[in-house]
Amino acid sequence: MTVVGQPLDRVDGKAKTTGAVRFAAEQDYPGLAHAALAFATVSRGRITRLHTEEAAAVPGVLTVLTHLNAPPLKPAPKVTPLNLSTMVSGTSVNYLQDDEVHWDGQPIAVVVAETSTAARKAAGLVRAEYEPLPSIVDFAAAVPHAEPQANSVLAKGEEKKGDAEAALAVAPVSVDHTYTTPGHSHNAIEPHATTAVWDGNRLTVHDSTQGIDWFRSHLAVRFGIPVADVRVIAPFVGGGFGGKGSVWAGTLLAALAARATGRPVRLLQTREGVYRTVGGRTPSVQRVALGAGRDGKLTALVHTSIARLGRTGGMPEQITSQSRHLYGAENILVRQETVTMDLLPNTFMRAPGESIGTFALESAVDELAEELGVDPVELRLRNEPDTNPLDGKQFSHRRLRQAYELGAQRFGWHERAPRPRSMRDGRWLVGFGAASAYHPAVEFPANVHVRLSADGTAVVRCAFHEMGMGGATAQAQIAADALGVPFDAVRVEYGDSALPMGPGAGGSAQTASVARSLSEACGKVRRSLASLAKRTGGDSPAEILRRAGKPYVEAAVGSDSRFGRVTGQVRFVARYLREQRRWVKAASGAHFCEVRVDPETGEVRVSRWLAVFDIGTVVNRKTAHSQLRGGIVMGLGMALAEETLVDPRTGRVMNPSLAEYHLPVHADVPPIEVSTLDGPDPSTPLGILGAGEVGITGVAAAVANAVHHATGVRVRDLPITLDKLL
């Protein structure tokens with residue numbers, strides 16, 4: 001391979017930086033109307049009366065749709081193992097079809113107007129009267145009533161090896177603590193947006209989705225039309241992070257409004273609208289207990305969690321995932337429980353589960369290291385397993401030890417004074433922290449079409465996504481090497497359901513998923529060329545095709561027919577189960593963090609960051625390292641600032657804006673040095689493990705560990721704010 005691995009510029013870089021691209025809310029159609037949502041103000045109840053007269057009287061308003069006059073919308077489909085597209089249902093709520101309210105912020109009306117200004121003004125004038133119903137909205141009060149989590153696609157409710165509680169009770173050294181994390185809300189640069197257009201019974205939707213195929217199938221079911229009559233176009237998405245992996249109210253109601261008015265409709269969510277209608281990360285309460293001998297070898301590992309689901313949806317997060325794989329404890333118990341509440345359902349958010357699970361586990365490992373008087377990095381290396389701790393399966397690829405050794409050397413970990421509060425720089429207390437990163441590697445089905453023309457150019461077609469991570473660039477690099485053509489000769493078409501079915505951009509799986517099918521399709525093209533060359537001669541693809549009198553040669557992997565799609569999903573599930581029995585596959589890494597804390601004010605500044613990751617084959621060093629840095633920045637927000645504040649009396653989100661929901665800004669982000677151990681995983685196409693989510697895992701723990709080293713204060717409740725250090 002000569003192109004794969006190179007730090008090439010993104011193929012869409014110039015178009016994006018010059019403003020040439022058009023996002024979902026920038027599509028223009030003749031007669032375009034604008035929509036805005038009105039939200040419920042009770043956590044659970046029934047609407048007894050709606051006041052829409054003032055809204056309808058606003059100049060420019062075309063209609064106010066409520067459950068009293070909205071067109072029909074079919075219920076969300078049920079999830080089945082062979083219909084993975086149903087996982088895209090954000091909630092089971094059938095918007096504007098009845099008088100029920102399931103959470104504070106649920107849309108109760110959509111206003112359509114000639115301008116967005118008129119629509120938003122009118123939406124603010126919609127008033128409702130309610131019959132309140134009993135509701136559960138206080139997470140802390142609900143925690144004692146948690147119930148065991150059923151096994152899910154993401155994680156089993158409980159797994160164990162030996163008797164961890166008994167081993168913990170007799171361990172010479174142990175720690176046993178509770179760690180808590182708050183809810184988090186999505187804040188992609190591009191808020192959720194939809195432009196919907198009906199042509200008879202055919203629907204075209206421009207949307208900021210990160211799951212085109214699942215999204216398309218969902219819309220077909222909800223509007224009762226064939227999948228072939230739905231087209232979803234999303235070539236550019238301004239960030240997703242999981243929040244755009246499901247179909248939320250804005251999309252459905254934009255299409256509903258377009259059907260009701262007979263006009264193209266654009267619905268661009270406000271920031272508040274995203275907080276009210278789009279799920280985020282669940283809060284959690286976690287217990288981590290570790291027991292060890294005096295030599296630091298773990299004899300017991302217990303990790304339990306309690307998370308939140310909505311009464312109308314939400315999926316359990318795999319909070320204890322990393323604790324099943326990271327450390328070679330003799331006895332292990334991992335258990336997950338959930339509480340069901342009358343709140344907006346939680347959803348995927350970068351590294352669901354592992355992002356907050358690593359905070360608890362990796363904080364506890366440092367606490368055990370302090371009890372033992374052992375260096376925290378050394379303790380991790382002493383417990384690095386050769387095989388999967390729970391069941392003895394082989395790791396398909398694991399170089400975490402090398403990541404720690406390289407990272408410690410480059411960071412200067414040896415300069416760390418062991419005693420907390422013993423390092424200073426002027427008035428600042430200085431602390432070093434480390435933590436492990438971990439995220440499982442998965443794949444999804446993908447159909448790919450490749451055409452190699454006689455002029456030496458190639459076209460790759462697949463409906464995957466570009467959310468800013470450089471997906472099209474990576475696939476062009478893979479195709480260039482697989483076909484033996486220059487990188488500049490490859491054009492990649494993506495982001496449109498009219499193309500062959502692509503995977504959703506989630507689970508750090510898109511690059512590997514497309515790469516598998518792309519490599520197979522390119523192999524077919526090369527074999528066709530070789531067959532032609534035997535008959536006609538010629539060395540280069542261009543010469544072979546010229547002599548054969550063919551303008552191009554092409555090949556496809558997968559079929560978008562109903563039979564082909566079902567067959568593809570069956571094969572995918574079979575391969576997934578087969579690999580689950582054989583391997584444990586994951587990306588991993590080591591974080592090293594330096595913080596400075598003002599002892600008088602409690603101000604925390606992360607001053608330096610270095611991380612080394614093992615993500616298998618690195619397709620594009622520039623874009624992969626950029627993704628990993630982005631995950632680290634998001635982790636800094638989780639560690640120091642982010643928190644969705646829900647009123648425990650009413651269930652209302654109280655900080656639904658960037659003025660009150662705090663995110664890292666440039667001044668909060670230190671120099672971040674990222675390295676990768678470039679080596680292929682033997683179980684995946686081209687050896688790719690995925691880079692999108694592993695970067696955030698372990699970050700909050702590294703910060704918490706560094707803050708403790710600087711101050712002597714152990715914070716077990718995120719975010720780490722000034723009051724917790726004073």
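In which strand is the place of His206? His206 belongs to strand S11, residues 202–207, strands being DSSP runs of E with at least two residues and helices runs of H or I with at least four, numbered from the N terminus. The model is predicted, so that local features require pLDDT of at least 70 and side-chain atom pairs pLDDT 80 or more, whereas totals for chains, interfaces and linings use all residues. Residues are numbered from 1 along each chain as its sequence is written, and side-chain values use heavy atoms, without hydrogens and water.

His206 is buried, at 7% relative accessibility (buried: under 20% relative accessible area, 1.4 Å probe, protein chains only). The side chains of His206 and Tyr29 form a polar contact of 2.7 Å (N or O atoms within 3.5 Å, one able to donate a hydrogen and the other to accept it; residues adjacent in sequence count only if both atoms are side-chain atoms). The C-alpha atoms of His206 and Asp496 lie 9.3 Å apart, at a separation of 290 residues along the chain.

Strand S11 is part of an open, mixed sheet of seven strands, ordered S3-S5-S1-S13-S10-S11-S12. Strands S3 (61–65) and S12 (230–233) stand at the edges, each with a single partner strand, so one side of each lacks a neighbour in the sheet. S11 pairs with S10 (residues 193–199) in the antiparallel sense over six bridges, pairing requiring at least two DSSP bridges.

The structure contains zero disulfides (cysteine sulfur atoms within 2.5 Å). The sulfur of Cys462 is 12 Å from the closest cysteine sulfur, in Cys522, which is too far for a bond.

Methods: Buried < 20%, exposed > 50% of the residue type's maximum accessible area, 1.4 Å probe, protein only.
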